[in-house]
Amino acid sequence: SELTQQTAEQLLALYQQGAVSPVEVTQQVLQRISQLNPALNAFCLVDEQAALASARQSEQRWQAHRQRGEPVGALEGIPTSIKDLILTKGWPTLRGSRAVNAQQSWDTDAPVTARLRQAGAVLLGKTTTPEYGCKGETNSPLTGYTRNPWNLRRNPGGSSAGAGAAAGIGEATAKQKPPPDVEIYVDISNQTMTVDVNGWTYGRWKVSTARDGYYTPRGSWRP
């Protein structure tokens, strides 16, 4: 849908205006994942209940911001995925391997996950990776084969194949910057956002001045 094709900066502007809510956006992103993930295998875990609860909390913070000027995070209400190599409280981090015991306590956030939560990001789930992120093809013994949206007979590579496949959904349908369900890395201290797709760094921007588009691996700008 149109909302799933918006950049993070565009969504933040819409939230500021009260034109849409994080709940609406998260619902549409989750619907898109539900429709396309069975064919792509981009996500190995999707927590709809937690994502919607987070989106509702974000919606309340945006209402308080618009009414009383209360602060919101740099990624307030932006649907975001976490690669399944990164610890996330409440979710198993199995790293694409059958060797990891899923029946253990998952009560720790990696620093990047904690910073995303602090910034108000809505965490959707975990994206697929080869076993321990060890190769350039994502076909793990635990989660299976991740497929390229451009050609389902091919693999998006690795080790961020799940993030790459999610990005391909947006590129293939609208020729735009990857949709909000793509994995992004944010350094709040430096106010920078890095989009990493299929092992390439597609772009790095100041969060407050990100443009509508993305960089190819060669570094040229594609609108």
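Buried means under 20% relative accessible area, exposed over 50%, and partly exposed in between, with a 1.4 Å probe and protein chains only. The model is predicted: local features need pLDDT of at least 70, side-chain atom pairs count only at pLDDT 80 or more, and totals for chains, interfaces and linings use all residues. Residues are numbered from 1 along each chain as its sequence is written, and side-chain values use heavy atoms, with hydrogens and water left out.

**View 1. The whole protein.**
The protein has five helices and ten strands; helices (H or I, at least four residues) and strands (E, at least two) are DSSP runs, numbered from the N terminus. Of its 223 residues, 50% are buried. Among contacts (heavy atoms within 4.5 Å) with a separation of 6 or more, 58% are between residues 24 or more positions apart. The accessible surface, from the Shrake-Rupley method with a 1.4 Å probe, comes to about 10,500 Å², and carbon and sulfur atoms hold 47% of that surface.

**View 2. The aromatic pair of Tyr 15 and Trp 62.**
Rings of Phe, Tyr and Trp (its six-membered ring) pair if their centres lie within 6.5 Å; planes under 30 degrees apart count as stacked, over 60 as edge-to-face and the rest as tilted. The count by this rule is one aromatic pair. Tyr 15 and Trp 62 form a tilted pair, with 5.7 Å centre to centre and 55° between the planes. Because Tyr 15 belongs to helix H1 (residues 8–17) and Trp 62 to helix H3 (residues 48–68), the pair ties together parts that are 47 residues apart in sequence. Tyr 15 is buried at 0% relative accessibility, and Trp 62 is buried at 4%.

**View 3. Strand E2 and its partner E3.**
Five of the five residues of strand E2 (residues 79–83) are buried. Pro 79, Ser 81 and Lys 83 point one way from E2, while Thr 80 and Ile 82 point the other way. E2 and strand E3 (residues 122–127) run parallel and are joined by four bridges; two strands pair if DSSP finds at least two bridges between them. From E2 the chain passes through helix H4 (residues 111–118) to E3, in a right-handed β-α-β crossover. Right-handed here means that, with the strands pointing away from the viewer, the path from the first strand over the helix to the second runs clockwise. Lys 83 stands opposite Thr 127 in E3.

**View 4. Arg 153 in a loop.**
Arg 153 sits in the loop between strand E5 (144–145) and helix H5 (161–174). With a relative accessible area of 72%, Arg 153 is exposed. Leaving aside neighbours within four places in sequence, Arg 153 is in contact with Tyr 145 and Arg 147.
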